[in-house]
Each structure stands twice: as structure tokens, then as C-alpha cells.
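Dear colleague,

I am passing on the structure we talked about, and below it you will find my notes on what was found. Please read them with the model open beside you.

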Amino acid sequence: MELFTSIFVGIIIAATPLVFAAIGEVVVERSGVLNLGVEGMIIIGALAGFAFTVETGSFSLGVIASMVAGAAMAFLFAVLTQSLMTNQVATGLALTMFGLGLSALLGQGYSGKSVPTFPKVDIPYLSDLPFIGDLFFKFDILVYLSIALVIGVLWFFEKTRTGLTVRAIGDNHHAAHSIGYSVKKYRYLTIMFGGACAGIGGAYLSLVLTPLWVENMSSGRGWIALALVVFGAWQPVRAMLGAYLFGGITILQLHSQGFGITIDPQLLSMLPYLATIVVLVLISRETVKSKMRSPACLGTPFYASQ
Amino acid sequence: MKRWRLLAWGIVALCAGFSLNISAQAADKFKVGFVYVGPVGDHGWSYQHHEGLKAVQKAFGDKVETTYAESVSEGPDAERVITQMAQKGADLIFATSFGYMNPVIKVAKRFPKVKFEHATGFKRAKNVSTYNVRFYEGRYAAGIVAGRMTKTNTLGYIASFPIPEVVMGINATYLGAKSVNPNIKLKIVWVSSWFDPGKETAAAKALRDQGVDVMFQHTDSAAPMKLAQQEGIYAIGQASDMHSFGPDAQLTSLIDSWNPYYIKRVKEAMEGTWKSEDVWGGINSGMLSFPEMNKVVPAEVAAEFKTTVDAISAGKFHPFTGPLKKQDGTPFLADGEVITDGVLASMNFYIEGVEGSLPK
């Protein structure tokens, strides 16, 4: 039972950075923008969160700093792609490389430093429940925040007018523009929201998961988050489940190895990408496309004068 | 007008002279390139190699120009990076990861005048040397400490890829621990990466949850050490002194010291006495050392560790001495027989007692 609990908890913790980054990217892509710079924003968030926590001793400030830093990176992307009309794919890739390089440079003094253990919540009664308490009510606050975020985004898209507008912009920016919505303004906001989410995801990595700062520590999680968005067919809840599935595979295969059951680790690390390719193939078939809800304007630039 | 033109020409001449001067200087310098598999800030494997680069720069000052490329993945990317280095005029290139083996051999054929050194590999050419450290010596000795310190009789090993270097590390660790503790169990987890702090932490946590109380790592970040510190268990550091990540957790560590080797080889290459060689340095070569033992280790265990290290260093004892059997029970070394370097360098099987199967 104890082992079950710790595997379950391990899965949730391993998946949480992916949940944050993927949910942010869902919002960005639903507004019709493809930001491939998630990896760069995660790593900048990881450094900002770690550095501010070390300097100020406050986790809250660290987490806020990671959001601000991620959003700042995203703002750069927004200026380039929305105002200067650069190519989104190239700019996103550049953002990733820029983030990895910049964080390595700025983070030189922080590798080897340490932060205290991130506090876990203690909910009266609930946390003390046998088994259930250990399973669900002893995480750190950020895990609950990530779940709240997913529900919030779902509600935003399904129940609010602004959410509907964002979806409209993602599906047909010309139509949205012609009835008076500022495509640029909405996209700036969604892009920065995505950046802030990726930033928190990074902070989770450097403050809770490991907790340390080393350059390159995101190790490709930004790309997995991007894959999860497609895997989840741009649905917030599906993207989250995808993240848990991915975390689950990772943790379970580590445990199974410890027990002496060997499934090729190479095969398992391939699985999420394979699943994404399958989904991509499905999407490329026109008939399924509408059901998959791929934003129709994804990755296409918007020129107001056209 | 004339004056302006004169000024313009003057500037052009000045620039030309300047750039000539620069290129003349650059041509004088001996260029050494380093290729790393991880970031230089990993506080492990690549970090130690980068310390070597700094030592070379310090030893030769402005006679040498050093360059490096970090986080170069093993495979086609490596070939591109090494080719670029050779094209840019590097005289000597150190490629510091096992997976660079084939790319190095390929590029070396195309650049016969450039000298190459490949760490931990076994393919050589006229202009390709190989060099490595007998880490298994240190792992055997550390295994003794772990075997004495464990309370659960369960040791954990976070492994990267099933290459001979890692396989011999696992076997040596097990043999060392087993020599002092017959009930020892070694749990192995493969993470398929040299550097992924998140995954290394998850692997360490999984091992911890399965009862491991002394952790070995064959990956390059300090994340497993950090987890051991948090969980209140012990760990053996990798590649560098990881004391700052686990002041209570680190029992000892295997410190790679490439500096003397790098300085020696650069000197030889500059003087023209460089030859293609196969260097495999053990504890006695100074390429492998240990930090101060953790205070929690009892004096008699520390003494046992030192005796073993001294015996290995003096060549009186080899960790792989028979009688030994392979995992499937087939005899491998007869009583008193010592393994040959050739067999060791291509080891692709577990020895008897190690559990689990080796991924292919």
C-alpha cells in the first residue's frame, strides 16, 4: 500500500511540470499561434524561480518570478511574431535556443546552491485520513494549482464570452477581425499566459522536483508538452491526462526495473512521441479534423490589412 | 574630398594590418578543442573535463587556444560538431563521451593532420588515441563502504546506457559490496540518459521507495545525491565531489582528474611527440581520486576502504579476480584468474548474483 502511494505521488509530481506547460500551450494554440519556444520558457522559468528563491528565501516570490520570466520570454515571441510578423516556427525554435543559452549564462552562479524543501499542504482532517490523505491531500500547493488551472481553462473556453472569442480567433482570425475583435491583442495575451504557465512548470522542476539548478535541466520537457497538446487534441483535460499518462509510464518503468521486470527503456521513452505521431496522422485526415478541434488558423500569421 | 579619401584608405589599411596581425597570432597558437556530452555546469562528468580544459589553458597560457562545444548529443550531431572544429583549424580534439566513437573515427579519416583523443572508447587510428580511467577500481572500493553502511542490504544503481563502461561499473560495485556483505542486493534502474535531472531524481525516488539506502549513480547530474540528502539515505558521488549537494548523504565519491593527462597530451602534441595510444589509468595514475570520507563511516570501514584502494593501486589486487561466474552460471574466471583488459573493455554481461536482465 505504501509503495502504491509513493508510485502514485511520484507520477503526479513527475507530470506536473508537463501539465503546466501543456495547458499554457493549449491556450496559445487555441488562439491560433504555434509557439515552439516552450522549452526555452520552461528553462528560464526554472532559473528565475530558483534564483529568486535563493536570493529572497521566499518560495512565493520565486514562483511569481518564474511566471514573470516565462511571460517576458513569451512577450518577446509575441512582439516578433505578432507585430514584426516573423515566422512562428523559426521564432519559436530561436526562443528555445535563446532560453537555453541565456539561462546557462545567467545561472552560472546558482548551480550547487540549494533551497529548502518545498512545503507540502496540510489540510485539517483530509491530510490525516488514512491512505486517501496520503494519496490526494499531501501534495504541494502547485499540484493543486495545476489542476485548478486546467479546470479554469476548460471553464474559460466553454463558458465565457472571452474564451469563445479566443477560440473564434484561432479558427478564423479574419472573421473575428471583421466583427471588431483585436486579433493582435488577444494573441499577445494568450502567448504571455502560455509563457507564465511554462515558467511555473520550470519552477516546479527546479524548486520541487529535483530541487536544484543545473543548466539544460528541462531536458526536452518543453517538446513533450508540445506533443501533449496535439495528443490531447487541444482539450485541456485530455492534455492533462496525457501528461499523467506520460508521467505514469516514466515512473512505472523505473519501478518495474527496480523489481527486476525489464521492458526496454528505449521503447518506453519512445511511446509518447509515437502516440503523437498517430494523432497527427489522424488529424491530417480531413474528416476527423473537425472532431479533433485543431484550431484552423494554427501557425498562420494574421495581416489586418488583407 | 581628397582628405576624406585618404582617411578612408588609412582606415582600410589599419584594419587590414590589424586583421593580419590577428591571423598571424592565431596561426601561432596551438588549438585544442573539447566536445562534451553534457553542459559544463553539470557538476559531474562534463564539468570535470572542462576543469581539464581550464588546466590546459592555465598551463600553456597564450600559446594555446582552447574551444569547446557542450551538450553535444551522441550521434550525427557529434560528427557535425567535430568536423566543424577540425575545419576551423583545431590541432587536437578531445571527444569526451563513449557515443562519439564512430563519429571521431569517421572525421579523423578526413582530417589526417588533426589529432583526436576519444574518451572511454576502444577504436583507434593513427591519429586517434583513446583514454579512460579505471573507474571500476573506485566503484569496487565504494561498494565495500556501501555494503558495510547499508541497513536494508539493498543498494541502488542508476544506470545510463548498457555499454561496457556501465556494465563493468555495476559488476564491480556488486562484487565490492558482496565481498563484505553476503546478503547484499543490487537494484538497477536504467534511465536511458546521461543527463536528465528530473528523471534521475524520479529513478532515485523509485529506488528509495523499494528499500534502497545507499545509492550509486552512473549518470552525470547531482540530482540523485540531492534526493539522497532529502530522504536521509546515503549515496556515492559521481565524477566530481558532490559534497555540497549531499553533505550528510555522500559517503565518498569517484573524482575524475583529467587535468594531468590533458596537459601531458597537449604538450606532446605541441612538441611533435604525440603518438596514438590507449591509456587506461587507474587509481595509481592519479586520474581517479576520492574526497575525504564522510564522518559517519566508522574508522574500521574507512580503513578497509583504504586498504583496498592501496592494494588495487599497488597492483596487488584486481576487483575482477576468479572464481567468478556469469549471471547465468557459466564459469567465467577460474580460481585466482584475473580478467584481461580486453574482456573487461567489452564486458556485456552481469556476473552471478546481479539481478535483472541487461537491456539490449
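Helices and strands are taken here as DSSP runs, a helix having at least four residues and a strand at least two, and they are numbered from the N terminus. Counted in that way, chain B holds 11 helices and 14 strands. Please keep in mind throughout that this is a predicted model.

To begin with chain B as a whole, its C-alpha atoms fill a box of roughly 90 × 40 × 35 Å, taken along the principal axes. Of its 360 residues, 50% count as buried, and among the contacts in chain B between residues at least 6 apart in sequence, 63% join residues at least 24 apart.

The domain assignment divides chain B into domain 1, made up of 26-133 + 258-281, and domain 2, made up of 135-248 + 289-345. The C-alpha centres of these two domains of chain B lie 28 Å apart, and where the domains meet, 14 residues of domain 1 are in contact with 14 residues of domain 2. On the domain 1 side of that meeting, helix α2 (residues 45-60) of chain B gives the most, with 4 residues, and the residues of this side divide into 7 nonpolar, 6 polar and 1 charged.

Turning to the place where the two chains touch, 30 residues of chain A are in contact with 33 residues of chain B. On the side of chain A, the helices α1 (2-30), α9 (183-209), α11 (236-258) and α12 (265-283) each supply at least two residues, and α11 of chain A gives the most, with 6 residues. The residues of this side of chain A divide into 11 nonpolar, 17 polar and 2 charged.

Leaving aside residues up to four places away in sequence, B:Ile93 touches B:Gly33, B:Val35, B:Ile82, B:Met85, B:Ala86, B:Val114 and B:Phe116.

Most residues other than glycine have a negative phi, and most peptide bonds are trans. Against that background, the peptide bond from B:Gly322 to B:Pro323 is cis, with omega near 5°, and B:Pro323 has its place in the loop between α10 (299-313) and β13 (324-325) of chain B.

Two residues other than glycine have a positive phi: A:Tyr125, with a value near 70°, and B:His43, with a value near 60°. Both are placed in loops, A:Tyr125 between α4 (88-106) and α5 (132-136) of chain A, and B:His43 between β1 (30-35) and α2 of chain B. Which of them is buried and which exposed? A residue is called buried if 20 or more other C-beta atoms lie within 10 Å of its own, and exposed if 12 or fewer do. A:Tyr125 has 8 such atoms within 10 Å and is therefore exposed, whereas B:His43 has 27 and is therefore buried.

With best wishes

Technical notes: Residues are numbered from 1 along each chain as its sequence is written. Chains are lettered from A and ligands numbered from 1 in the order in which they are written. This is a predicted model: local features need pLDDT of at least 70, side-chain atom pairs count only at pLDDT 80 or more; totals for chains, interfaces and linings use all residues. Two residues are in contact if their C-beta atoms, placed from the backbone, lie within 7 Å. Ala, Val, Leu, Ile, Met, Phe, Trp, Tyr, Cys and Pro count as nonpolar, Asp, Glu, Lys and Arg as charged, and the others, Gly among them, as polar. Domain bounds come from an automatic or database domain assignment.
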